[in-house]
Amino acid sequence: MSTKTEATIEDLYDVPDNGKAEIADGELILMSPTGDAPGYAGDEIFASLREYSRRTRRGRAVGDNKAFVVNLPNRKSFSPDAAFHTGNPRGMKFFDSAPVFAAEVRSENDYGPRAEAKIARKIGDYFAAGTLVVWDVDLLGEDVVKVYRVGDPANPTVYRRGEFAEAEPAVSGWRMPVDDLFQ
């Protein structure tokens, strides 16, 4: 009988350069590079958050491929497409807590019933870890940004093209045009 060894944070440090991974359900989950449009959207969210952080001198904007270590029964880390963190700097180490805001931008394989269930579970994990607001960004649908809040996760606020999306109360006063998510 073989025994399965649970993935550790040290395993994350061993992921090859430019590799993106998370630990969920005891497994190291490698994530493929994203495509043009989802990458652009994630970069735009990061750039907008960075401008907000510099202007307000609050928190820190975090771009793609950064690890946030958490301690949940079924999850040990997150690697959102963009995030906002208010914890202490960690130097060369992974962030040691969940971001207050996380943006998950859907890639081409993030559609269908199985993907929906996976995204819903991940949003629940974010909230269990301490995240206040999560964006589910769908560049192919009319409802481009769904804003989930820890206090009412069953009723996301929806933003479409021509509107401004926000992340209250996690990133107070910040908002960005939904149209900026598109090239």
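*Solution.* Let's start with the ground rules. This is a predicted model, where local features need pLDDT of at least 70, side-chain atom pairs count only at pLDDT 80 or more, and totals for chains, interfaces and linings use all residues. Residues are numbered from 1 along each chain as its sequence is written, and side-chain values use heavy atoms, with hydrogens and water left out.

Step 1: Helices (H or I, at least four residues) and strands (E, at least two) are DSSP runs, numbered from the N terminus. Buried means under 20% relative accessible area, exposed over 50%, and partly exposed in between (1.4 Å probe, protein chains only).

Step 2: look at each face. On one side sit Val133, Trp135 and Val137, on the other Val134 and Asp136, and all are buried.

Step 3: count. Five of the five residues of S8 are buried.

**Exercise 1.** Work out the strand order of the open sheet, and find its edges.

*Solution.* Step 1: say what pairing is. Two strands pair if DSSP finds at least two bridges between them.

Step 1: read across. The six strands come in the order S3-S6-S7-S8-S9-S10, and the pairing is mixed.

Step 2: pick out the edges. Strand S3 (60-62) and strand S10 (157-159) each pair on one side only.

Step 3: check the twist, which averages 15° from one strand to the next. Angles run from 0 to 180 degrees between N-to-C directions, and axes are lines fitted to C-alpha atoms, for helices over the stretch in contact.

**Exercise 2.** Describe the largest nonpolar core, and say which element gives the most to it.

*Solution.* Step 1: define it. A nonpolar core is a set of buried Ala, Val, Leu, Ile, Met, Phe, Trp, Tyr and Cys residues joined through side-chain atoms within 4.5 Å.

Step 1: The core has 28 residues, and Ile45, Phe101, Trp135, Val145, Trp174 and Leu181 touch the most other members.

Step 2: find the biggest giver. H2 gives the most to this core, with four residues.

Step 3: zoom in on Leu181. Beyond its neighbours within four places in sequence, Leu181 is in contact with residues including Tyr40, Ile45, Val137 and Met176.

**Exercise 3.** Is Ser48 buried or exposed?

*Solution.* Ser48 is in helix H2 (residues 36-56).

Step 1: apply the cut-off. Ser48 counts as buried because its relative accessible area is 17%.

Step 2: list its contacts. Leaving aside neighbours within four places in sequence, Ser48 is in contact with Trp174, Arg175 and Met176.

Notes:
Contact = heavy atoms within 4.5 Å.
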